[in-house]
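Hi,

Here is the structure I promised to pass on to you. Please have a look at it first, and then read my notes below.

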Amino acid sequence: MKNIKQIVTLVIGLTTAFSCKKDDIDLKQAEGYIVGFDPCTINHHYRIGYVIITADLKDTLITYNLSDNTYKMPASVMCSTSDTIYKIPEGYFSNFRNSAYFPKSVQYEFKIKLVFTKANENEMVFNVCTHDINQADFNNAKQVIIKSATK
Amino acid sequence: MKKKSITFITVLLSFLVIMGFTQINKAKFYYAYNEKIYLNELDNKLIVRYKQNKGFDKKRISLYSELSGKLIVWKDDSTCVITFSANEKVLFKGKLQTQVDVKSCNPVYAINTGLEMGTTDEFLVKFNENVSLKDIQKLHKKYDVEVVKTTDLYQLIKVPAGSDALEIANSYQESGLARFSQPNFICEMELHQVIPNDPYFANQFALNNTGQVFTDGHSGTIDADIDAPEAWSITQGNSNITIAVLDQGLTSDHPDLPNTRQVRLNGSNFADGDPNNPSPTGNGNHGNACAGTIGAAQNNNQGISGVAPNCKIMPVRIFNSDGSGITPQRLADAITFARQNGAQIISNSWGYNSDNPNLQPVIRDAIIAATTQGRNGLGCIVVFSAGNNIENNGFVHFPSNVNVSGVLTVGASDRYDLKAYYSPLGNPSSSNNQLIDIVAPSHRAYSCQIATETFEGWAIDIPDNAGYNPVHENDCGSLPGIGTILPNAGTGYLSYTGRFGGTSYSCPQVAGVAALVLSINPNLSQQQVFDILTSTADKVGGYSYTNGFCNELGYGRLNACHAISKAVTTIASIVGSTLICSSSSATFSVNNLPSVCTISWACSNNLQKLSSSGNTAVFISTDNGTGWVQPNLISCDGSQYPIPAYHVLVGTQKPGPITIGFDFPPGRITAQVTRIPSATTYKWYLDGVLKYTTPNAKAVFQRLQDDYDHVYYIDVATINACGVSDISHAEVSAPSGYNAFSIYPNPATDNITIAISSPESTDSASLIAATQAARFILTNSYTIRILDNFGSLKASLKRSGETVTIPVSNLRNGIYIVEINDGKKVYRQQLVIKR
C-alpha cells in the first residue's frame with residue numbers, strides 16, 4: 001500500500017513536472033513613458049514601433065506587435081482611429097530623420113503601464129530603412145509584444 | 001631767349017631719357033637658364049613668411065596683424081599670400097616687416113600669362129660642372145647666404161634678412177658660374193578641373209570643398225572632397241554606363257535628370273502602385289536625392305551636378321508610399337531585375353537595423369548573383385550604405401555587411417575629412433563583418449548628436465512638393481528653424497534640397513565614381529573596381545591606418561580623380577621598338593590616353609630620354625642589356641600613377657650563361673644559351689677559335705681524343721641590329737676521357753665489333769657538316785691492328801665504314817692493344833680476351 005502510494009505520488013509528480021503548461025509565457029510588467037518611435041515606420045497606419053522607456057530609466061523597449069486586436073497603441077491625431085489611449089500631435093513625429101524621440105518637452109507626457117513579453121527571434125521585426133535616418137536610438141532596445149496597456 | 005629754350009628742352013629730354021632708362025633697368029625679371037623672364041609686381045599682394053610654424057595659429061594671424069577681412073591663403077604652415085585693397089600694400093608691408101615673428105615679406109609677381117609667382121627668402125641654384133668648390137664658396141660668402149640643402153639637382157640657398165632673393169639669384173646667374181639660378185617661387189600649380197555652371201554646385205562641398213560657406217554658415221577643410229571637378233577633366237561618364245538606384249523612386253523627367261538620361265523600365269516598381277512606374281510618391285524624396293547625387297545633369301545652369309553626369313540612372317522602386325520597405329523576397333527580385341536589365345552598378349542607400357550579415361539569405365544570394373553573374377560574368381558593382389548609428393560605436397547594417405567579395409560598404413566622412421559622427425566604427429574583431437570599406441563626405445552629425453549640425457548635403461528634390469525642402473522639428477539642436485526652405489531661390493529651387501545626408505548621401509557618390517571608372521574601362525571586373533576605389537582613397541582624418549586601413553574610414557575617403565587616373569592606367573598601352581641602340585633613337589607612345597592626361601617618363605639606367613611631348617617620348621641607349629621605359633600618368637592633382645613598364649632590349653645583347661653538356665650525342669660537347677629575341681646571329685668559339693657563325697643559340701663541338709682533365713674554353717657572342725655583343729665565356733673540364741672508337745664485347749671470346757664514333761647532331765645542316773668535318777677517324781679507309789702484350793702483331797686488316805666485326809677466336813686469353821690508323825693519326829684501345 002505504501003508502495004502504491006509512493007508510485008501514485010511519483011506519477012503525479014512526474015506528470016506535473018513534464019506536462020505542458022497552459023500558459024508558460026513569461027509576462028512582465030513595466031511602467032514608463034512613450035518617448036519616441038521607429039522612424040522607419042513613420043508612415044505606418046498606427047505608427048508602430050514605439051519606443052518606451054521605463055520609469056526608472058533603466059530599460060528601453062520597442063513594440064511592433066500587439067497581441068490584442070481590440071487594443072490600439074497611441075496614434076497621431078492625423079490617424080482617424082478613435083480608440084487609442086493617446087492622440088499624439090503630428091508635429092512630434094516630424095523630426096523623424098534626425099531623431100526617434102519626441103521633443104524633449106513632451107518626453108514624459110505619455111505615461112503607460114504595460115504587460116508584455118519579450119519577442120523571440122521569430123517575432124522580432126527588422127524594417128528596411130533608408131540610410132539618411134539616424135537609427136542610433138534602436139541599437140540596444142528590446143523588442144516586446146504588449147499584452148495590455150493602460151495610461 | 002631762344003637759346004635758353006633749346007637748352008631747357010635738351011636738358012628736359014635728357015632727363016626723360018635717363019629716367020626712362022632707369023625705369024627699364026628697374027624692370028624685374030628672373031632667369032630661366034639664360035633667358036630673362038620679365039615679372040610684373042602685383043600691387044595688391046604680399047607673400048609673408050613667418051619665423052615659426054603657424055599651423056595652429058593661423059586664425060590669430062588675421063587678428064594681431066590687423067589683417068581682419070583680408071584674404072589670407074596659406075601656402076604652408078609658415079607662408080601665406082595676403083591680398084589687400086588698392087594702395088594698402090605699402091602700408092601693410094611696413095607694418096608686417098616690423099613684426100618680430102615675420103621673417104620675410106616679399107612681393108608677388110606675375111608673368112605675362114598671368115601666372116602669379118611669389119618670392120621668398122630662398123632661391124635655387126645649380127652650378128656648372130666645371131665650377132670649383134672654392135669659386136662657389138666665394139660666391140656664397142660674397143652674398144652672405146646660407147646653404148639650406150644640396151641635392152644632385154640644385155642647392156637651396158637662403159638669403160640674409162632684408163635681402164632680395166630675386167636680385168641675388170640673378171647675380172648668381174650673371175656670374176656665369178650657374179647652369180640656372182632662380183627664386184624658389186611659390187606659385188599655383190594649374191589644376192585640370194571642370195567647374196560646372198550649375199548654381200548649387202557651389203554648395204556641393206562633398207564634390208568640391210574649397211572651404212566655402214555653404215549651408216547654415218558652415219565651411220569645411222579645403223580639399224576634404226572627392227575631387228570631382230578634377231576627375232571631370234578626364235571623364236564625366238559614358239551614357240553606356242547605367243546605375244540602378246534601388247530606393248523610393250525617381251521623378252519622371254526631373255528638370256535636372258530628364259528621361260533621356262533615365263532607364264525607366266516596365267516592372268521596375270517593386271513597391272505599391274503601378275508596377276511600371278518607378279516614380280516617388282508623397283514626400284519620399286530619398287530616391288531622387290540618391291539618383292541626383294549620381295547623375296544630375298551638369299552645366300545646364302540649374303540645380304546641382306551629379307558625380308557621373310553623363311551616365312544613366314535606372315530607378316527601381318523598393319519603398320511603399322507609406323515609407324515601409326518591401327519584403328526580402330521582393331528586394332531580392334529588385335536586385336535581380338537590375339542585374340538582368342543591364343545595370344552595371346547597383347546603388348543601395350538602405351538597410352535593416354541588424355548587424356547579422358546573413359539576416360535575409362535571399363537578399364544575400366541575390367547580391368552574390370549580381371556580383372558574379374552580372375555584366376556577363378564581370379559582376380555588377382554593388383554599393384551599400386553602412387547605416388547611421390553611433391551608440392556603442394554603432395554597427396554596420398545588413399546588407400551592407402554581407403560577406404560577399406567586392407561589395408562596397410560605404411561610411412560617411414564630414415566636411416573636415418573626419419568620420420561623420422553617426423558613421424559606424426569598424427570592428428575587425430567582430431564575426432559579423434563589421435568593416436567599412438570606404439567613405440565619402442556627408443553631413444557632420446544629426447542635431448541630436450551635435451546641436452549646431454543637421455543635414456547639409458545638396459541633392460535634387462521632388463519638384464513642386466515639400467519633399468526634403470522644409471525643415472521640420474528641430475528640438476534637438478539650434479539649426480535650422482522649423483519650416484526653413486533650402487534652397488529658397490534659384491531656377492526651380494523647389495526641385496532641389498540642401499537637406500540630405502547620412503551614409504545615404506555617401507553611397508551614391510561611390511556608385512557615381514564607380515560609374516566614371518567603368519566609363520574609362522568597361523571591362524574591369526567588380527573586384528577590380530573595388531580595388532581601384534579603395535586603393536586610391538585618401539588616407540585622411542589623421543587616423544591610424546594599418547596596411548592602408550583604419551576602423552574609422554576603412555581604406556579612406558573616396559577620390560574620384562585618383563580612381564579615374566588609376567582606371568586610365570588599365571587601358572593605356574605602350575607602343576614602341578623592342579630594341580634601342582645607341583646609334584639611333586627609339587620613340588615610344590602611350591595609346592588609349594584621354595587627351596587631357598599628361599605623362600612623365602621614367603626609364604632604366606641604361607637609357608636616356610632625349611625628348612618627350614604629349615604622349616610620346618624618344619629614348620637612346622647609354623649602355624647594353626635589358627631595360628624599360630615607364631610612363632607615369634600625371635593625375636588631375638599632380639600625383640602620378642604608373643602605367644605598367646614596357647621592357648626593351650638595349651644595345652648589343654651579351655648572351656646569358658652558357659649551359660654545357662657532354663656526350664649527348666657521344667663524343668660531343670653541347671653548348672647552349674637562352675635565345676635572345678633581337679639576335680640574328682650567334683658566334684661560337686671553342687678554345688679561342690671561331691667555330692660557327694650561326695642563327696642557332698646552340699652549338700655542338702667535337703671532343704678531343706683522350707681529353708680527360710682537358711679544360712675547354714667556350715665563348716659566344718650575339719649580333720643584333722645594334723652590333724656585336726660582348727662575349728659570354730665558359731670554362732669546363734672534360735668529366736672523363738673520350739675514345740674515338742669503342743670495342744664490344746670487351747672482354748671478348750670469339751668476335752669483337754669496333755664502332756667508330758659518328759656525329760648524331762640534330763641541329764641544322766650546317767652544324768652537321770661542321771661536325772662531320774671534325775670526325776676523329778676518317779671512315780672511308782683505315783687500318784686495324786691487334787698487338788699482344790709484347791708488341792707482336794696478331795692481326796692487320798684494312799676496313800671502311802663506321803662498324804666492323806673481327807674474329808678473335810684465334811687469340812689466347814690475355815691483354816691486347818687494338819690500333820686504328822686512318823692515315824692521319826693512330827688511335828688505341830685495350831682489348832681483353834677471356835674465355
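**What I found**

In chain B, strand 30 and strand 31 (residues 668–672) pair in the antiparallel sense over 4 bridges. Here strands (E, at least two residues) and helices (H or I, at least four) are DSSP runs numbered from the N terminus, and two strands pair if DSSP finds at least two bridges between them. Within this pair, B:F662 has B:I669 of strand 31 of chain B as its bridge partner.

Before going on, two notes on the source. This is a predicted model, in which local features need pLDDT of at least 70 and side-chain atom pairs count only at pLDDT 80 or more, while totals for chains, interfaces and linings use all residues. Residues are numbered from 1 along each chain as its sequence is written, with chains lettered from A and ligands numbered from 1 in the order in which they are written.

**Sheets in chain B**

The pair above belongs to an open sheet of 3 strands in chain B, in the order 30-31-34, with antiparallel pairing. Its edge strands are strand 30 (659–662) and strand 34 (698–702) of chain B, each of which pairs on one side only. From one strand to the next the twist averages 20°. For angles, axes are lines fitted to C-alpha atoms, for helices over the stretch in contact, and the angles run from 0 to 180 degrees between N-to-C directions.

Another open sheet of chain B has 4 strands in the order 41-40-43-44, again with antiparallel pairing. Strand 41 (793–799) and strand 44 (826–833) of chain B stand at the edges with a single partner strand each, so one side of each has no neighbour in the sheet. The twist averages 20° from one strand to the next. Inside this sheet, strand 40 (residues 782–787) and strand 43 (residues 814–821) of chain B run antiparallel and are joined by 5 bridges; B:R785 has B:E819 in strand 43 of chain B as its bridge partner.

With strand 1 (residues 28–32) of chain B, strand 2 pairs in the antiparallel sense over 5 bridges, and B:Y31 stands opposite B:K36. The hairpin of these two strands of chain B has 2 residues between the strands, and B:Y33 takes a positive phi near 60° there. Strand 2 of chain B also pairs in the antiparallel sense with strand 5 (residues 102–110) of chain B over 7 bridges, where B:Y50 stands opposite B:V102. With strand 4 (residues 79–83) of chain B, strand 2 of chain B has 5 bridges in the antiparallel sense, and the bridge partner of B:I47 is B:V81.

**Helix packing**

Which helices does helix 10 of chain B pack against? One is helix 11 (residues 526–535) of chain B: helix 10 (residues 503–520) packs with it at an angle of about 115°, with the axes 10 Å apart. That makes the two helices of chain B roughly perpendicular (65 to 115 degrees; under 35 is roughly parallel, over 145 roughly antiparallel and the rest oblique). B:V510, B:V513, B:A514, B:V517 and B:L518 of helix 10 meet B:V529, B:I532 and B:L533 of helix 11, contact being C-beta atoms, placed from the backbone, within 7 Å. By class, this contact of helix 10 with helix 11 of chain B has 8 nonpolar, no polar and no charged residues.

The other is helix 7 (residues 286–295) of chain B, which packs with helix 10 of chain B at an angle of about 35°, with the axes 8 Å apart. The residues of this contact of helix 7 with helix 10 of chain B divide into 6 nonpolar, 5 polar and no charged. Ala, Val, Leu, Ile, Met, Phe, Trp, Tyr, Cys and Pro count as nonpolar, Asp, Glu, Lys and Arg as charged, and the others, Gly among them, as polar.

**Between the chains**

The contact takes 36 residues from chain B and 25 residues from chain A. Strand 15 (350–352) and helix 10 of chain B each supply at least two residues of the side of chain B that touches chain A. That side of chain B divides into 10 nonpolar, 22 polar and 4 charged residues. Strand 7 (residues 128–130) of chain A and strand 15 of chain B run antiparallel, joined by 3 bridges, and A:V128 has B:Y352 as its bridge partner.

Best wishes

Note on methods:
Contact = placed C-beta atoms within 7 Å.
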